[in-house]
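The sequence and the structure come first.

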Amino acid sequence: MNWLDYKKKFEPSKNWIISNQSSSGAIFWDEKGKCDPWDHCECLIALAIYEEWEHFWKGVNWFFTNLNKDGLIYAEFQNEKPSKFHYESHHAPYIIIPLVQASVIDEEQDYKKILTNEQLIKLENIFEVLNDFKDEDGYFYWAKDSNGYSDNSLITASMSIFLSLVAKDKSFPKFNTEMWQEKFNRDGVDRSRFSMDFYYPFLAGIKNNKKEFLDLLDNYYVKGLGVKCVAEEPWVTIAESSECVISALIHDNENIAKQIFHDIQQFQNKDGIFPTGYQYKMEIFWPEEDSTWTNAAVIIAAHALSFYDLGSNDSSVNVFLELRNFFKSN
């Protein structure tokens, strides 16, 4: 499909995201009023793709309003009020991704021209404060609370930070991959169980081997259904499947990207909305929810697929393909 066809097909998902945006601009997980700042940003990317500028900038303003003086944002909000009082290192920097998405899709939406001086200062502060999350080896602590920094570095969070840094400065941050296992496989947890920890290094340009991607994908991909969230669980999730599609495209695994995206189309319901996940042994949707960020991920993947085959100038209307072009040229 081209983007115009996809745009029509997924318009109900976009409209549902908007229906879950509060008057202040917060985009809730669903009608229950939970808001995760990273997921909020994922939804903003989808709104930028649809050029829903009123809702987009309202969401951007909410984000900046809720940043504290140190450039950090609480990990979760419930009905507009903070409900988790720690700060996750990858949350605040991710705002740069929707801002860049808006800029590349419409030059009139260039955040450098639209954000106020105060907001631009806050944006710079986000990335300055991010350095405080680094340990002596240059790895990012996952979170900070009133007791200090969490003695943990997570793959997906670190890759999200890396992607945000590249998007902001168009340069590769220094990252010592030789310490990967030592830093990430901690607390007795083997990180290779999680599909996000498999594909996010490819999404962030840290890994680029096409064969390695396909070999690792075998642990998670259920043909005809999508990508599992956790290797041993019979549970495919639509957001992970969509993000895996984007990761595949970044390193030219186009056929498998199209196949996975085709698989998950069966889960779009009669109202045009996608559920969070499907437990295929029990044949039930689980959890019993639809989530705005899941639907946003589908939109982003559809947009990336639509522009993947075009030249570099055309493909740059998608922020992840623009970053792909950067990875390839450096």
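Glu11, Lys14 and Glu52 are linked in a network of salt bridges, a salt bridge being a side-chain nitrogen of Lys or Arg within 4 Å of a carboxyl oxygen of Asp or Glu. The model is a predicted one, in which local features need pLDDT of at least 70 and side-chain atom pairs count only at pLDDT 80 or more, while totals for chains, interfaces and linings use all residues. Residues are numbered from 1 along each chain as its sequence is written, and side-chain values use heavy atoms, with hydrogens and water left out.

Because glutamate 52 sits in the loop between α3 (37-49) and α4 (53-65) and lysine 14 in helix α2, the pair ties together parts that are 38 residues apart in sequence. Helices (H or I, at least four residues) and strands (E, at least two) are DSSP runs, numbered from the N terminus. Lysine 14 is buried, with a relative accessible area of 5%, whereas glutamate 52 is partly exposed at 22%. Buried here means under 20% relative accessible area, exposed over 50%, and partly exposed in between (1.4 Å probe, protein chains only).

## Other salt bridges

How many salt bridges does a search of the whole structure find? The search gives 17. In general terms, side chains of opposite charge can pair when their charged atoms come close.

One of the salt bridges joins arginine 324 and aspartate 252, at 2.9 Å from N to O. Arginine 324 belongs to helix α16 (residues 319-329) and aspartate 252 to the loop between α12 (238-250) and α13 (254-264), so this pair ties together parts 72 residues apart in sequence. Arginine 324 counts as buried at 10% relative accessibility, while aspartate 252 is partly exposed at 25%. Another salt bridge is formed by aspartate 271 with lysine 270, where the closest N and O atoms are 3.6 Å apart. Lysine 270 is exposed, with a relative accessible area of 79%.

## Proline 12 and aspartate 271

Leaving aside neighbours within four places in sequence, proline 12 is in contact with Asp271, Gly272 and Ile273, contact meaning heavy atoms within 4.5 Å. Proline 12 and aspartate 271 are 259 residues apart in sequence, yet their C-alpha atoms are 7.0 Å apart in space.

## The three-stranded sheet

An open sheet of 3 strands has the order β8-β9-β10, with antiparallel pairing. Its edge strands are β8 (235-237) and β10, each of which pairs on one side only. Two strands are taken to pair if DSSP finds at least two bridges between them; 2 bridges join β9 (residues 277-279) to β10.

Which residue of β10 is the bridge partner of glutamine 279? The partner is isoleucine 284, which lies in strand β10 (residues 284-285). Isoleucine 284 counts as partly exposed at 32% relative accessibility. Isoleucine 284 also forms a nonpolar surface patch with Met282 and Trp286, with about 310 Å² of accessible area together.

Serine 164 lies in helix α8 (residues 155-169) and is buried, with a relative accessible area of 0%. Leaving aside neighbours within four places in sequence, serine 164 is in contact with Pro93, Tyr94, Ile96, Ile97 and Phe127.

Serine 306 has its place in helix α14 (residues 292-308) and is buried at 13%. With neighbours within four places in sequence again left aside, serine 306 is in contact with Met1, Asn2, Trp3 and Tyr6.

## Cysteines

The count of disulfides is 0, a disulfide being a pair of cysteine sulfur atoms within 2.5 Å. For cysteine 41, the nearest cysteine sulfur is that of cysteine 35, 8.9 Å away. For cysteine 43, the nearest cysteine sulfur is likewise that of cysteine 35, at 8.4 Å. Cysteine 41 is buried, with a relative accessible area of 0%, and cysteine 43 counts as buried at 0% relative accessibility.

Definitions and conventions:
Patches are made of residues with over 30% relative accessible area and no salt bridge: like charges are joined within 9 Å, nonpolar side chains (Val, Leu, Ile, Met, Phe, Trp, Tyr) within 5 Å. Accessible areas come from the Shrake-Rupley method with a 1.4 Å probe; for residues, only the protein chains shown count as cover.
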